[in-house]
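Dear colleague,

Please find below the structure that I am handing over to you. My notes on it follow.

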Amino acid sequence: MPFRGSYQGSSFFELLQIEKRHLLPDLAAWGRSAVEAVPHGTTVLAMRFGNGVLVAGDRLATAGHSVASRDVVKVFETDPYSVMAISGAAGPCIEMARILSIELEHYEKIEGERLELEGKANKLSQMIRANLPAAMQGLAVVPLFAGFDTRRKLGRLWKFDITGGRYEETEFDATGSGGLYARESLKHGWSRSLTREQAIKAAVAALTAAADEDRATGGVDLERGIFPIIKMCTASGHTDATEAEIAACYREILAARAAGGNL
Amino acid sequence: MSMPFYVSPEQVMADKAEFARKGIARGKSIVALEFRGGILLMAENSTSLSKVGEIYDRLAFAGVGKFSEFDQLRKVGVRFADTKGYAYSREDVRGRGMANAFSQVMGEVFTREIKPLEVEIIVAEVGDDRYEDHRSNSLYRIKYDGFISDHKGFCVIGGKVEEVETVLKNDYRPDMPAGDAARLGRRALNAGAERSSELGASSLEVCLLDRSRPGRKFCRLSTEEVQGMLDS
């Protein structure tokens, strides 16, 4: 611990890059061979509702054609007012979520105040850009980032591409292998003035649709008791949808399906 | 070529220590007190430049002396703690290790640099009820030359340590409620303050390591919250 280190800024990610390079693995060096072997996360979605945002993700991770894990977590609280959901190579994705949450706390401690929501999204985009060489080898990290903007008093969400491109969405978005199907479902289920309950329902329906069409997406697993993670972020911070709430929404879908509905 | 005058190492150290002590003696004092709900850190400070800060989940920092120097130390500490917590686990960032690291840095500057750090710091660690061997709190005081000492109950740094400590030695009781601890802290700081009127909430910087909070235990109190605590 030197009194004047070579890095003097307020970013933890830059501190690692400049002073602790050995703690950041060089994923690009693995080459393409790693892609099939590492678990990949699949479908995550985010939407605005009321004065907040909802972020949801299924629990399945796949490696090639096999199930790598049935209860992996893809939605993370990165600080009291923001959430990140990951799809892509699970290892680098989870690590990025971890570094981002340390990053936000680190900034707050060094500077004495929190970053603006947009500043957080921008930081994440720089981290994705730093991962570009690995992304070109197939180890992409394509997250969704959402949160409550405490200055503007509303929920906001962003999607990213592998180059760190950052696009704000005003309604909803979904990424991952089942993202297309989840988006299609949300196109019908989403509207500007959803309540919390309606938003949860739309999220469960979208994940169920994605799990139906995409074999790598998990959906709700009632037999094993594995439920998607659904987090809401509003002015009062985070809340989670309970397993009972999710199960109730899912049973409704099953009942409609059994009655011959087209869900 | 001219030869520099010979100065004995003893003299060099004594001069440096004298210089650092003078710098610190000009500053106001800070107290850290263990109370029922955790640890209370109180500084006489009416500016917006904080003397007390968060280091990690259960660790807080307080510094007196030259602002730029102790603030730099605080930042170095945050970088060290966050890196350690990232490389290992959050539970591995402990008070004793942190205090030792600070002591190394300050000692190193004292012996190597021409000008020693004109600062004195406290590292406070609140106990963790979940683990048998982490339950008790720790308070460490580290001086300008890296000299480190650990304290039970309370710890004082700054220009008027003796005056402030006298009050605490007489009246400190373990397991005090928060209001009592805040009032005792203010009374102790008053003993070291030059003015005769009592310190108001707006001239106190108060932070807590609150045992009952989930996750990060550190919290900074607003002037209203400080007033509320003093009145409780």
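Among contacts in chain B between residues at least 6 apart in sequence, what percentage join residues at least 24 apart? The figure is 65%, where two residues are in contact if their C-beta atoms, placed from the backbone, lie within 7 Å. In chain A, 67% of the contacts between residues at least 6 apart join residues at least 24 apart.

This is a predicted model, in which local features need pLDDT of at least 70 and side-chain atom pairs count only at pLDDT 80 or more, while totals for chains, interfaces and linings use all residues. Residues are numbered from 1 along each chain as its sequence is written, and chains are lettered from A and ligands numbered from 1 in the order in which they are written.

Chain A holds 8 helices and 14 strands (DSSP runs, numbered from the N terminus: H or I of at least four residues for helices, E of at least two for strands). Of its 263 residues, 48% are buried, meaning that 20 or more other C-beta atoms, placed from the backbone, lie within 10 Å of a residue's own.

Chain B has 6 helices and 10 strands, and 47% of its 232 residues are buried. Its C-alpha trace spans about 70 × 50 × 30 Å along the principal axes.

The two chains meet through 12 residues from chain A and 16 residues from chain B. On the chain B side, α2 (67–87) and α3 (95–112) each supply at least two residues, and α2(B) gives the most, with 10 residues.

Yours sincerely

Technical notes. Buried ≥ 20, exposed ≤ 12 C-beta atoms within 10 Å, placed from the backbone.
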